Amino acid sequence: MAIVGDDNVYQLVGNRFIAYLRDNDFQVSKLNFGGEASPQAVQKAIDEKAFPIGGLDLERLQGDLTLRVSAGGEKFFPIGEQDAEMTLPQEIIYSDRRAVVTRCLNWRDSARYGVNPSTKEVLFIIENANPERNADYQQAIVLLQKRLQDYLKLSTTVQVLDQEHPQVEL
């Protein structure tokens, strides 16, 4: 399985730095919602630096995860919503061979791919659209890894997808 950046994405939005943090021993039971070891505590790592982050259940993906430009009109099932939404023309999305996984880059996640009690392998995505903030971005990645280790005992590896590295093997 790979994460692939379509050439059209880079033509539309320029170079983006997208880090993928993967843990092979993820257990939702490690999450203590509302406590010190909560997803909210981990989220603070990103809130402090203002970078979008999302988590996907890798076992639910079918085929490669592709970062691409939507033609519009593709169904998307967002977390917390009853009805499907349609992607907009020229919207940047992640998709697998079955469906749209995220919209607006990584701002809107699909309920179909969300982390749940049966998740065993999780992929965290953190994005930076502004090359001038690369130092903050690198700090946010390190802080996220530290929080995942400290609060959830998750050891992660980091891979970066950008114009120079348009494919990442998982």
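Let me start in the middle of the protein. The largest nonpolar core in this predicted model has 17 residues, and the ones with the most contacts inside it are L56, L65, V101 and L123. Three strands, β4 at 65-69, β7 at 92-95 and β10 at 122-128, each supply at least two residues of this core. The largest share, three residues, comes from β4.

There is also a second, separate core, with seven residues. Among them are I53, L144, L152 and L154.

What does V101 touch, leaving out residues up to four places away in sequence? The list has L56, L61 and L65, then F76, then Y94, S95 and D96, and finally R108, D109, S110 and Y113. So much for V101.

Next, β4. Is this strand mostly covered or mostly open? Mostly covered: of its five residues, four are buried. As for its partners, β4 pairs with β1, residues 2-5, in the parallel sense, over three bridges. If you want a place to look on your screen, find G5, which stands opposite L67 in β4. With β7, β4 runs antiparallel, and four bridges join the two. Here the position to look at is R68, whose bridge partner in β7 is I93. To put those together, β4 has a parallel pairing with β1 and an antiparallel one with β7, and both β4 and β7 contribute to the 17-residue core.

Now the protein as a whole. The model has three helices and twelve strands. Of its 170 residues, 46% are buried. Take the contacts between residues at least 6 apart in sequence: 73% of these join residues at least 24 apart. The accessible surface comes to about 8,600 Å², and carbon and sulfur atoms account for 48% of that.

Last, confidence. The mean pLDDT of the protein is 76, and 75% of the residues reach 70 or more. Where does the pLDDT fall below 50? One such stretch is residues 28-38. Beyond near neighbours in sequence, that stretch has 22 contacts in the model. Please keep the pLDDT below 50 in mind when you look at those contacts.

To recap: a core of 17 residues, with L56, L65, V101 and L123 having the most contacts inside it; a separate core of seven; and β4, with four of five residues buried, joined to β1 by three bridges and to β7 by four.

Terms used: Residues are numbered from 1 along each chain as its sequence is written. This is a predicted model: local features need pLDDT of at least 70, side-chain atom pairs count only at pLDDT 80 or more; totals for chains, interfaces and linings use all residues. Side-chain values use heavy atoms; hydrogens and water are left out. A nonpolar core is a set of buried Ala, Val, Leu, Ile, Met, Phe, Trp, Tyr and Cys residues joined through side-chain atoms within 4.5 Å. Buried means under 20% relative accessible area, exposed over 50%, partly exposed in between (1.4 Å probe, protein chains only). Contact means heavy atoms within 4.5 Å. pLDDT is the predictor's confidence in each residue, from 0 to 100. Accessible areas come from the Shrake-Rupley method with a 1.4 Å probe; for residues, only the protein chains shown count as cover. Two strands pair if DSSP finds at least two bridges between them.
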